[in-house]
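Thank you all for coming.

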Amino acid sequence: MNDQPPIFRSLAIIEERIQERLTVEALAEEIHFSKYHYQRLFREAVGDSVMGYVARRKMVLAAGELADTESTILEVALKYGFDSHEGFTRSFKAYMGVTPREYRKYHLFMQPRKKEKGAMMYSKTTDEVIRELNGLIAEAKETAAYTQKHGNDVPEVTYYRNFWDFTAQRAENIAKQLQGMLERIGAMAEHPDEISARFLIIKAIEDAVFEVSVTAFQTGLTIARAMPDHREKFEPLCEKYDTLAMHARLKARKIVEFFNELAMLIFQDMRKNAGQKIRQAADAGKAAAEALADPKLPYGYMAEELREIAETFSAVPLEEIRSCWLEDILFRLDTVAFAAEADILRNPSYSELFDGISYFRERVSSALEFFRSLPQEAGVLAETGKEASEGRTKKKMYHDVAMQEGILLFYLKGEIRKLYTHLTAERKAALEAVCDKMKEAMALAYRGAEGAENIDVAALLQKAYDEMVSEARLLGVYGGPVQYLAEEVKAPMQYL
């Protein structure tokens, strides 16, 4: 050990005496450095303060004991120098994002217990990513458990039980998806220059956030269709998913802010198979739409959406296709797929009609994976300065509004079909007029995303909202879903 550089000798000493109450002064004396000189060199070599590093190692080793031994939480706390269960729990959660109990219960991620040089592979930013994801995983699992416990509060209605079982499983799957990303983050420490791995982690987290948000929306819409007494019983469940979605968005934003500059760097590759992949996706979409186009079935709105998605592949020149464009396509397609899964619960005998949606999604995902391996648009890299940054922010805002309103328009069309027997010709015409306004608002928002000026999307959304509220009132007990959608339609106006 004496042949090693002084800071590496210090790291080895920390590992040997990690269960003791270490101080900067004692560690500096061990390697015959002044306190000031030792702290400065340590930070330069390790990227953290001496005691910050010691605290981090204690947490990592304590996490290992929680995962691998039968020791109680208090025993682990005392072993690593904490005076109480409460103090250890506070420190553990601040570092790992979850309590020791949650960590052990859900088998969450810990950094491998590296020594010496290996211990320096974990930056504080990687710790932050792990902390945020651990917390989100635990919350998703807790939400799933709460759903399983309270999803049968109206036992006389089988659909609710099936729906909440389906929703709880979706929350569990989201947690598993995020756990997979934690494992990739751990592997990334062995190869810190793997920018592509970081990019894929960002996209996987964003996908999970999308799934959480759509799940929260679908739960709200489903309960909006329920009778008032049922709606009241399930309101706490909806609040759970709304809270999970909000926390997912906040945590993802923190992670993406750090990876922001790296997300544009991906591996280069040839586009020789691009045309074939796009054609395969388009053909799969047309076939999926055809299977659902029977006018005798209430799935015409799904067929229309699938057909529109498929036709966009032919409308956009191959050289203009980018991964972000395909992500938008997948975003729309995921919404159709989730609506289809919910409808299968009502009519299992029609499940084969929806098989084409899964195949369509596989083709689009394959194309997306291919385009992600291509260079990002040079125009994005060329933009510099505050003005360019603000321009991107404004375009992204309009783009997100357009995408969100497109999803809501899809669901509104679905509600019109579901309410068909309760609608007079006048009510049906009024709701279709709302659809037209939303289409116009989407078109304007997409123009804003392309950089057009003087775009007034808010005025159209306000009109659509007012008319939807009026129609919901006229529909009486059947107007709950329309009222719910109206509030969602209005939500983006705060950003415009």
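Arg101 is partly exposed, since its relative accessible area is 44%, where buried stands for under 20%, exposed for over 50% and partly exposed for what lies in between, with a 1.4 Å probe and protein chains only. Please keep in mind that this is a predicted model, in which local features need pLDDT of at least 70 and side-chain atom pairs count only at pLDDT 80 or more, while totals for chains, interfaces and linings use all residues. Residues are numbered from 1 along each chain as its sequence is written, and side-chain values use heavy atoms, with hydrogens and water left out.

Arg101 has a salt-bridge partner in Glu142, with the closest N and O atoms 3.6 Å apart; the term asks for a side-chain nitrogen of Lys or Arg within 4 Å of a carboxyl oxygen of Asp or Glu. Because Glu142 belongs to helix H8 and Arg101 to helix H7 (residues 100-106), this pair ties together parts that are 41 residues apart in sequence, helices here being DSSP runs of H or I with at least four residues, numbered from the N terminus. Glu142 is itself partly exposed, at a relative accessible area of 25%.

Let me turn to a second pair, Glu304 and Lys413, whose closest N and O atoms are 2.9 Å apart in a salt bridge. Glu304 sits in helix H13 (residues 300-315) and Lys413 in helix H17 (residues 385-418), so that parts 109 residues apart in sequence are tied together. Are the two partners buried or exposed? Lys413 is buried, with a relative accessible area of 13%, whereas Glu304 counts as partly exposed at 28% relative accessibility.

The next pair lies within one helix: Lys428 and Glu432 form a salt bridge at 2.5 Å, N to O, and because they are 4 residues apart in helix H18 (residues 425-449), about one helical turn separates them. Both are partly exposed, Glu432 with a relative accessible area of 34% and Lys428 at 26% relative accessibility. How many salt bridges does the structure hold? The count is 23.

Finally, consider Glu156, which lies in the loop between helix H8 (124-150) and helix H9 (158-188) and counts as exposed at 58% relative accessibility.

Definitions and conventions:
Helices (H or I, at least four residues) and strands (E, at least two) are DSSP runs, numbered from the N terminus.
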